[in-house]
Amino acid sequence: PVKCNIAIETIAANLEHYQYNEWWYSVLSDGTVAIRQYDKKTEIITVPSEINGRKVTEIGDHALMGSTYPLEPTKEIILPPTIRKIGGGAFSYCTKLEKINIPDSVKEIGVRAFIGCSSLKSINLNKVEKMGFGVFEECTGLENIHISGKIKTVPERAFYKCTNLKSLTIDEGVTTIEKEAALNTPSLQKIQIPASVTSIGEHAFCYSCEFH
């Protein structure tokens, strides 16, 4: 691939997408790269840490969503330790996705980033600080979730219809559990809520087996 002129590339950051092999990307205001699309059919996707000399720091909104044909067979996604943010709907409906690493560098996961990832059984959120609405909605394969105290708010519908979720552990430091956070989780048997939680929204655990 031909490297774009850096000055032009930066000025056009919000207007242009560029192609590098099977990757489409844009340049962010700080000069780093956001992944916008992937054009290859494969079971394992390894996101590069650098493209054309620029650090890859973001998976853009809907960038690797499973409703696009090439991503339908994807079972594993490997993220580099340079990623800071996962955008809204980034991996939505990757129904065959079984495994993804969340590097310690990731601080934010956007709205419905993993909605419908029904084969995903576990995920590491130890260093994440912010999650968006419905982030793991309809992830019916998830069984155990541990939320660190770095996440101050468990967002609305975060685990809505996670029908196989058995255990939800929330660390000291979390202050808010928004409404319907774990609505319709009939397999839920254990919830650990710390004293730091001062607000629990309506129907947060409605239709969970221990709370009928």
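Guide: Welcome! This is a predicted model, where local features need pLDDT of at least 70, side-chain atom pairs count only at pLDDT 80 or more, and totals for chains, interfaces and linings use all residues. Residues are numbered from 1 along each chain as its sequence is written, and side-chain values use heavy atoms, with hydrogens and water left out.

Visitor: How many residues of strand β6 are buried?

Guide: Strands are DSSP runs of E, at least two residues, numbered from the N terminus. Buried means under 20% relative accessible area with a 1.4 Å probe, protein chains only. Strand β6 spans residues 54-59 and is mostly covered, with a buried count of 5 of its 6 residues.

Visitor: Which residue in β6 stands opposite Val-33?

Guide: Two strands pair if DSSP finds at least two bridges between them. Strand β3 (residues 33-38) pairs with β6 in the parallel sense over 3 bridges. Opposite Val-33 stands Val-56.

Visitor: How many residues apart in sequence are the parts that Trp-23 and Tyr-38 tie together?

Guide: Rings of Phe, Tyr and Trp (its six-membered ring) pair if their centres lie within 6.5 Å; planes under 30 degrees apart count as stacked, over 60 as edge-to-face and the rest as tilted. The structure holds 5 aromatic pairs. The Trp-23 and Tyr-38 ring centres are 4.3 Å apart with planes at 50 degrees, so this pair is tilted. Because Trp-23 lies in strand β2 (residues 23-27) and Tyr-38 in strand β3, the separation in sequence is 15 residues.

Note on methods
Buried means under 20% relative accessible area, exposed over 50%, partly exposed in between (1.4 Å probe, protein chains only). Helices (H or I, at least four residues) and strands (E, at least two) are DSSP runs, numbered from the N terminus.
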